[in-house]
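Let's walk through this model together, one question at a time. Have the structure open as you read.

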Amino acid sequence: MLTILFWILFIALIIWLLSYWYIFLYIAIGYALYRLTRYVRKELYFKSDTFLEHKRNIDNAVKEYNELADYVNSFDEISLQSDSSERFKHAHLATYENTSSYNIDREKNIKNLTDKNVHQASLQVVKRASEEPLKYLCKYFNVKPTEENLAHVQEMGETVSRFTNAKENLDNRLLKIQKDFNPPEFITKYYLDELLQKLEINVPGMVFRSPDYIFEYVSSGGNSAQRTTITLDEPTLEGLSEYLSEQIKYKKSAKAQRSLMTKKLREFIKERDEYTCQICGVSTAEQSLLLLEVDHILPVSKGGLSTEDNLQTLCWKCNRSKSNKVVE
Ligand SMILES: [Zn+2]
């Protein structure tokens with residue numbers, strides 16, 4: 001009885017609303033007019049002299065940005081080359097079998113391979129993995145404390161740090177261009193992509209995804225689940241390097257401890273060199289947005305160590321030409 005009453009009321013409400021159909025029509029027309037005006041304003045703006053003049057003024061900044069974006073775009077080739085090296089075949093750490101989650105991927109190519117890194121475990125292991133992540137990561141994902149694995153982890157750390165550093169620089173440059181250009185608010189709000197296109201700024205469509213390692217417990221009924229996720233990001237890689245290094249030292253006490261590359265060391269080298277490129281002499285004092293990188297004077301591939309005397313600060317352009325020469 002109640003349901004019938006409900007339906008009668010419901011239908012009555014619809015009929016009542018329909019008798020005011022013209023109100024909906026007005027709203028629709030109003031919205032269409034608003035969109036049309038916005039579109040015309042945008043078209044006029046992009047054709048205006050103000051826009052074209054502003055565009056000429058930021059020409060150099062855009063050129064620099066695009067050049068740097070090209071450089072960052074080439075990073076994935078660098079990391080792919082090191083991944084294909086045969087000597088890490090048995091490392092089982094992160095990248096070798098999961099290259100696509102580790103590489104700097106174009107957005108459209110992102111593959112989710114994280115489920116390969118899931119370890120089904122007891123509740124106790126899941127809990128303890130969150131307390132001692134490095135120990136459990138090594139134990140359950142078979143990361144043996146070897147010189148090779150340590151070198152590989154260090155190399156991954158370098159790639160991640162280099163990418164993060166360059167990406168941050170690109171983002172800051174883009175912000176600066178946007179600030180200097182200062183377009184009307186509705187343009188940045190609704191037509192940002194078109195603006196970037198008109199300004200010929202090639203924002204690299206890439207993301208860097210660190211692989212996740214997951215310990216998961218699912219109860220027998222499947223009702224409760226608990227997870228510990230370890231993401232191989234910059235701090236974790238650094239911790240893992242230290243952990244492996246300690247394990248190696250413990251096992252073969254005779255071997256001299258390898259000097260580890262850390263964020264702190266990188267910062268120290270930049271500060272020591274007064275944020276100045278050791279080849280061409282440009283510094284962040286002159287160019288606040290200068291991208292500086294820390295370079296191994298004798299490359300790691302040729303036995304160079306991450307020691308203070310083998311490290312120097314280079315601007316990205318000098319670093320690029322140096323690595324090109326090494327490849328030749
Ligand atoms: Zn330089």
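Q: Which residues of β7 point one way, and which point the other way?
A: Strands here are DSSP runs of E with at least two residues, helices are runs of H or I with at least four, and both are numbered from the N terminus. This is a predicted model, in which local features need pLDDT of at least 70, side-chain atom pairs count only at pLDDT 80 or more, and totals for chains, interfaces and linings use all residues. Residues are numbered from 1 along each chain as its sequence is written. All the β7 residues named here are buried: one way point Leu 311, Thr 313 and Cys 315, and the other way Gln 312 and Leu 314.

Q: Is β7 largely enclosed or largely in the open?
A: A residue is buried if 20 or more other C-beta atoms lie within 10 Å of its own, exposed if 12 or fewer, and partly exposed in between, with C-beta atoms placed from the backbone. Five of the five residues of β7 are buried, so the rest of the structure leaves this strand largely enclosed.

Q: How many bridges join β6 to β7?
A: Two strands pair if DSSP finds at least two bridges between them. Within this pair, Asp 295 stands opposite Gln 312 of β7, and His 296 stands opposite Leu 311 of β7. The strands β6 and β7 (residues 311-315) run antiparallel, and the number of bridges joining them is five.

Q: How many of the five residues of β6 are buried?
A: Strand β6 spans 292-296. This strand is largely enclosed by the rest of the structure, because its buried residues number four of the five.

Q: In what order do the strands of the open sheet lie?
A: The edge strands are β2 (118-120) and β5 (225-231), each pairing on one side only. From one strand to the next, the twist averages 20°. The pairing is mixed, and the three strands lie in the order β2-β4-β5.

Q: Which residue of β5 is the bridge partner of Glu 216?
A: Strand β4 covers residues 212-218, and its antiparallel pairing with β5 runs over seven bridges. In β5, the partner of Glu 216 is Arg 227.

Q: Are α4 and α9 roughly parallel or roughly antiparallel?
A: Axes are lines fitted to C-alpha atoms, for helices over the stretch in contact, and angles run from 0 to 180 degrees between N-to-C directions. The axes of α4 (residues 59-73) and α9 (residues 147-181) come within 10 Å and cross at roughly 160°. Angles under 35 degrees count as roughly parallel, over 145 as roughly antiparallel, 65 to 115 as roughly perpendicular and the rest as oblique. That is why α4 and α9 are roughly antiparallel.

Q: Which residues of α9 does α4 meet?
A: Two residues are in contact if their C-beta atoms, placed from the backbone, lie within 7 Å. From α4 come Ala 61, Val 62, Tyr 65, Leu 68, Ala 69 and Val 72, and in α9 they meet Ala 166, Lys 167, Leu 170, Arg 173, Leu 174 and Ile 177.

Q: Which residues does Asp 233 touch, not counting residues up to four places away in sequence?
A: Asp 233 sits in the loop between β5 and α12 (234-251). With 16 other C-beta atoms within 10 Å, Asp 233 is partly exposed. Asp 233 and Val 160 are 73 residues apart in sequence but 7.5 Å apart in space, C-alpha to C-alpha. Asp 233 touches Val 160 and Ser 210.

Q: Is Val 143 buried or exposed?
A: Val 143 belongs to the loop between α8 (133-140) and α9. In sequence, Val 143 and Leu 244 are 101 residues apart, yet their C-alpha atoms are 8.9 Å apart in space. Since Val 143 has 23 C-beta neighbours inside 10 Å, it counts as buried.

Q: What is the phi of Glu 274?
A: Most residues other than glycine have a negative phi. Glu 274 lies in the loop between α13 (263-272) and β6, and is exposed, with 10 other C-beta atoms within 10 Å. Glu 274 is not a glycine, yet its phi is positive, at about 50°.
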